[in-house]
Each structure stands twice: as structure tokens, then as C-alpha cells.
Amino acid sequence: MNAPVLESEEHQALRSAVAALGRRYGRDYLTRVVSEGGHPEELWAEAAKLGYLGVNLPEEYGGGGGGIYELSLVLEELGASGAPLLMLVVSPAICGTVIARFGTDEQKAAWLPGLADGSRTMAFGITEPDAGSNSHRITTTARRDADTGEWILNGRKVFVSGVDIADATLIVGRTEDAKTGSLKPCLFIVPRDAEGFGRRQIDMELQAPEKQFELTLDDVRLPADALVGDEDAGLLQLFAGLNPERVMTAAFAIGMGRFALGKAVEYAKERTVWKAPIGAHQAIAHPLAQAHIELETARLMMQKAAHLYDAGDDIGAGEAANMAKYAAAEACVKAVDQAVHTLGGNGLTREFGLASLITASRVARIAPVSREMILNYVSHQTLGLPKSY
């Protein structure tokens with residue numbers, strides 16, 4: 001399937017509608033929510049009512065029947081308005097996709113309608129204190145109770161978003177392969193109130209309504225049907241969630257970069273020094289033009305990755321999603337930096353809402369996988385160079 005260079009009229013209409021929703025809320029709304037220590041419940045509810053939250057989920061379960069392309073479009077436009085919903089990355093994109101593709105009929109019926117209409121949310125736990133980006137070093141283990149058939153989970157996770165508001169967390173653990181004795185990844189649905197499932201909020205400099213948590217699993221007992229999909233298809237199922245995560249992170253970064261750039265362009269048109277708008281000077285105009293070009297270029301790669309994933313090309317999507325996430329993160333950081341610089345001292349005031357993005361823009365470089373690990377991936381997977389680790 002070839003990704004179209006230009007968006008369809010349907011996609012353009014969706015983009016316009018989401019942008020209109022975003023403008024009704026915007027950066028001021030999100031800033032107020034953060035200052036009050038709350039969550040963007042009103043925006044989440046309205047986006048759900050309009051069908052945006054579940055646009056990628058199957059129609060038979062109340063979703064829009066679209067794909068990651070459509071969901072990435074929603075997140076990008078909300079981000080460009082200054083009010084991105086980070087839980088879009090986690091709940092419908094990662095967890096919803098994994099359950100829709102690999103879950104049992106019972107799991108789909110239990111979770112997908114709620115994820116689609118926004119009444120239920122799910123967090124995603126993979127990162128560990130000592131494993132970082134290396135999913136092969138995950139130490140959270142799951143073993144079966146021979147007498148009851150239940151799963152017993154033990155381990156720790158860090159930097160898990162939105163656990164306090166999520167009904168459950170999709171936890172990546174490892175089980176022992178009966179044939180080889182080696183550990184293999186598996187995914188489990190862990191309810192928020194499961195006994196032995198503890199959480200501690202991590203004190204972050206990042207200003208966002210979605211809080212970050214460290215999780216502990218201490219002999220957490222789960223029913224046999226808490227396992228998602230096939231126990232022997234863990235890696236396939238895991239990357240079915242990680243590729244959309246990278247695409248959505250790219251959308252998050254592109255939206256943020258567009259918001260910052262828009263603020264800078266508006267200011268450069270109005271701010272007058274020596275009888276001319278500062279945007280008339282190439283020292284101001286050219287860096288902003290460069291930021292726009294880089295954001296647009298990153299969006300093309302994001303769209304390619306989304307199309308490949310939605311077409312079922314997991315291998316091609318993996319390569320493109322990593323590149324998209326890398327390109328979008330770099331473009332976002334540069335756009336935010338240039339926007340702040342364009343405004344000068346005003347770029348550091350609360351009034352213009354750009355200073356906090358200096359920290360936020362770095363997230364896309366770090367999570368869900370570092371830029372260095374993406375360069376490792378491209379160097380040995382795409383270019384065929386020897387592995388360095």
C-alpha cells in the first residue's frame with residue numbers, strides 16, 4: 001500500500017474538526033488543569049463524544065473503524081492547539097490496538113467499547129529501573145499457580161503515565177518458556193485495585209496533567225484470562241503496541257512544535273522594532289521557516305509510518321515509526337527553542353505559554369525510546385552496520 005502524499009478530503013475534514021475542538025480549549029485550559037492538579041476531563045469527554053478517542057478502534061466495538069493514521073491526526077491537531085491528550089498515546093493507541101488485534105473476544109467486549117467512548121482508560125507499563133529501553137532485560141515475571149491456573153506477577157515499573165486515572169494497566173512481564181526455559185515477554189491486564197499492585201507518584205519537573213508513577217507488583221494474582229493473546233506471540237504483540245506508540249509520539253511532538261511555531265510567527269508579525277516587524281528580518285524569518293520545513297518533513301514520515309502500520313506491514317512500520325519519532329522529536333525541540341528565542345524575554349513568561357515547552361519538548365527525544373537507540377536501530381537494521389551492543 002502506497003501512502004498518499006496528500007490527505008484525502010475526509011482526513012482534511014477530520015483535521016479541521018479536531019482543530020476547532022482544540023481551539024475551544026487551548027493552552028490556557030491545559031495550564032489551568034495542571035495548576036489545579038486535575039485532569040483534562042472536559043476535553044477528554046467532548047473528544048469522546050465526537051468519536052475522536054476511538055477513531056482507530058473497530059466499529060463493532062463502538063470505534064471509528066480507522067487506524068493509527070486517523071488517531072495520530074487527532075493528537076497532532078490537539079497538540080497544535082496547545083491542548084494535547086497524552087493518554088491518547090497510551091489508552092487507545094497502545095492498549096486498544098493490542099487488545100483489538102490479539103485479545104480474546106471476552107477481552108475485546110470488556111475493554112474496547114469503554115476505550116472507544118472514553119469511559120475507560122488503560123495505562124501501559126513496560127519501562128523498568130534497570131532495563132531502560134532494553135525490553136529483553138525486563139525482570140517483571142509472571143508464573144502460573146499450578147493449583148488454580150492464576151498468574152502471579154512480581155516486579156517494578158517506572159515512568160508509567162496516568163495510572164491514577166486508568167482502570168487498569170497493561171503490564172509487560174516475562175514468563176518461562178516450557179520448551180527452552182528462557183523468559184519470553186507477555187502482556188497482562190492488571191486492574192488498578194488489584195491486591196499487591198502499588199504505585200508511587202514520581203516528582204517531575206515536567207508540567208503535564210498526566211502524572212508519572214513507579215509501580216510495584218508484589219505477588220499480584222490475576223485470573224488466567226488476564227493474559228492478552230497468545231503466550232507464544234509475546235514479541236509480536238508487544239511491537240504491535242510499540243510501533244503505534246512511536247507514531248503517536250511523533251504526532252505529539254509535531255503538534256507541540258506547530259503550536260510553538262504558531263506563537264512565534266504571530267509575535268514576529270506584530271512585534272515592531274525600528275519601524276518594521278521583526279519577522280521582516282531574515283535572522284528571525286529564516287530560522288522560523290526552517291522549523292516549519294522540518295516539522296512538515298517529519299509529518300510526512302509519520303504519515304508513512306502510520307499508513308504502513310495500518311496496512312499490516314509491521315516490519316516496514318517499525319523502521320518508519322522509529323524514523324518518524326526521531327525526526328519529529330528533533331523538529332519539535334528546534335521549533336520550541338526558536339520560538340522562545342524569537343520572543344526573547346517574553347518567551348520565558350507565563351503569558352505566552354512557551355517556557356514550559358522547553359522541558360516538554362525534550363520528552364519526545366527521551367521517550368518511549370531514546371534518540372540514540374533509534375540511531376542504533378537504523379544503523380544496524382536499515383544500513384546493515386555491525387551492532388555496537
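User: Which residues have the most contacts inside the largest nonpolar core?
Analyst: This model is predicted: local features need pLDDT of at least 70, side-chain atom pairs count only at pLDDT 80 or more, and totals for chains, interfaces and linings use all residues. Numbering starts from 1 along each chain as its sequence is written, and side-chain values use heavy atoms, with hydrogens and water left out. A nonpolar core is a set of buried Ala, Val, Leu, Ile, Met, Phe, Trp, Tyr and Cys residues joined through side-chain atoms within 4.5 Å. The largest one has 94 residues, and the most contacts inside it belong to Leu88, Met122, Phe124 and Leu170.

User: Which helix gives the largest share of this core?
Analyst: Helices (H or I, at least four residues) and strands (E, at least two) are DSSP runs, numbered from the N terminus. The largest share is 17 residues, and it comes from residues 234–270, helix H6.

User: Which residues of strand E1 are buried on each face?
Analyst: Buried means under 20% relative accessible area, exposed over 50%, partly exposed in between (1.4 Å probe, protein chains only). E1 spans residues 122–125, and both of its faces are covered. One side buries Met122 and Phe124; the other buries Ala123 and Gly125.

User: Which residue in E4 stands opposite Gly125?
Analyst: Strands pair if DSSP finds at least two bridges between them. E1 and E4 (residues 168–176) run parallel, joined by 4 bridges. Opposite Gly125 stands Ile171.

User: At what angle do the axes of H1 and H3 cross?
Analyst: Axes are lines fitted to C-alpha atoms, for helices over the stretch in contact, with angles from 0 to 180 degrees between N-to-C directions. H1 covers residues 9–35 and H3 covers residues 68–80. Their axes come within 8 Å and cross at roughly 35°.

User: How many nonpolar, polar and charged residues make up the contact of H1 with H3?
Analyst: Contact means heavy atoms within 4.5 Å. Leu14 and Val18 are among the H1 residues that meet H3, whose side includes Leu73 and Leu78. Ala, Val, Leu, Ile, Met, Phe, Trp, Tyr, Cys and Pro count as nonpolar, Asp, Glu, Lys and Arg as charged, and the others, Gly among them, as polar. The tally is 8 nonpolar, 2 polar and 4 charged.

User: Is Gly26 buried or exposed?
Analyst: Gly26 lies in helix H1. Beyond residues up to four places away in sequence, Gly26 touches Ser81, Gly82 and Ala83. Its relative accessible area is 8%, so Gly26 is buried.

User: What is the relative accessibility of Pro129?
Analyst: Pro129 sits in the loop between E1 and strand E2 (141–144). Residues up to four places away aside, Pro129 touches Arg156 and Val158. Pro129 counts as partly exposed because its relative accessibility is 38%.
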